[in-house]
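Student: I'm new to this one. Could you show me how to read a few of its features?

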Amino acid sequence: MAGKLNLTLELSTMSFARRLLQIRNGQLDLIVGIQKTEDRQDEFIYIFPHYELLSYRIFTLKNKRALIQTYQDLSGKIIGVNRNSKYFKTFDNNESVVKFKARGVLQNIELLKRNRIDAFMHYEESTTPLLDKLGLSDEVVKSVYQPNIEIRHYIAISKSSALNVRLGELEQIVEDVVNNKDFLNIRLNHYAEMNVTSIVQ
């Protein structure tokens, strides 16, 4: 995108909460991986279309797959989640589910293998290729019950950014790369290149 706009790209890695704060106060021009919600639609300028559609899935050990057959079966279970992530309101507000806040999907996979959690929730589109790479696709599988939740991720611009005047160009670029599946390939390559030895012991 930076190349097509003839701009210099500077990446900043930070927590999601800090990203939101900095784009609100104009310290960041652009944010990725953001959902369009009612309380945010007046804060940012969203670039259409959304660049990815992701599905939350619950993963567990194959020999325990049948233990979660309904949403109610989550009650009393220890479910690995990503720290600071939101999933869906019913789950997020359910105090009968024990939520272990992990640093990421790699830690959740390792905790599951060690039977320290009963299951974990993550995006299917990134978890499935990661399990394949780790050689765990026959050991870690989706539970019988699955939430019917799809998440649309957008790129958004700060309202104080100079990029606002180039919104039309940005929308055309996003549309082109979505059609070419460039964003999907970036995600898959990211997980393929992860250093799997960094899993917490």
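Tutor: Let's start with burial: a residue is buried under 20% relative accessible area, exposed over 50%, and partly exposed in between (1.4 Å probe, protein chains only). Here Phe 91 has a relative accessible area of 0%, so Phe 91 is buried. Phe 88 is buried too, at 12%. Keep in mind that this is a predicted model, where local features need pLDDT of at least 70, side-chain atom pairs count only at pLDDT 80 or more, and totals for chains, interfaces and linings use all residues. Residues are numbered from 1 along each chain as its sequence is written, and side-chain values use heavy atoms, with hydrogens and water left out.

Student: How many aromatic pairs does a search of the whole structure find?

Tutor: Rings of Phe, Tyr and Trp (its six-membered ring) pair if their centres lie within 6.5 Å; planes under 30 degrees apart are stacked, over 60 edge-to-face, and the rest tilted. The search turns up 11 such pairs. In one, Phe 48 and Tyr 154 sit edge-to-face, 5.4 Å centre to centre with 75° between the planes.

Student: Are Phe 48 and Tyr 154 buried or partly exposed?

Tutor: Phe 48 is partly exposed at 39%, whereas Tyr 154 has 9% relative accessibility and counts as buried.

Student: What kind of pair do Phe 88 and Phe 91 form?

Tutor: A tilted one: their centres are 5.7 Å apart, with 35° between the planes. Both also belong to a cluster linked by ring pairs, together with Tyr 56, Tyr 71, Tyr 87, Tyr 123 and Tyr 145.
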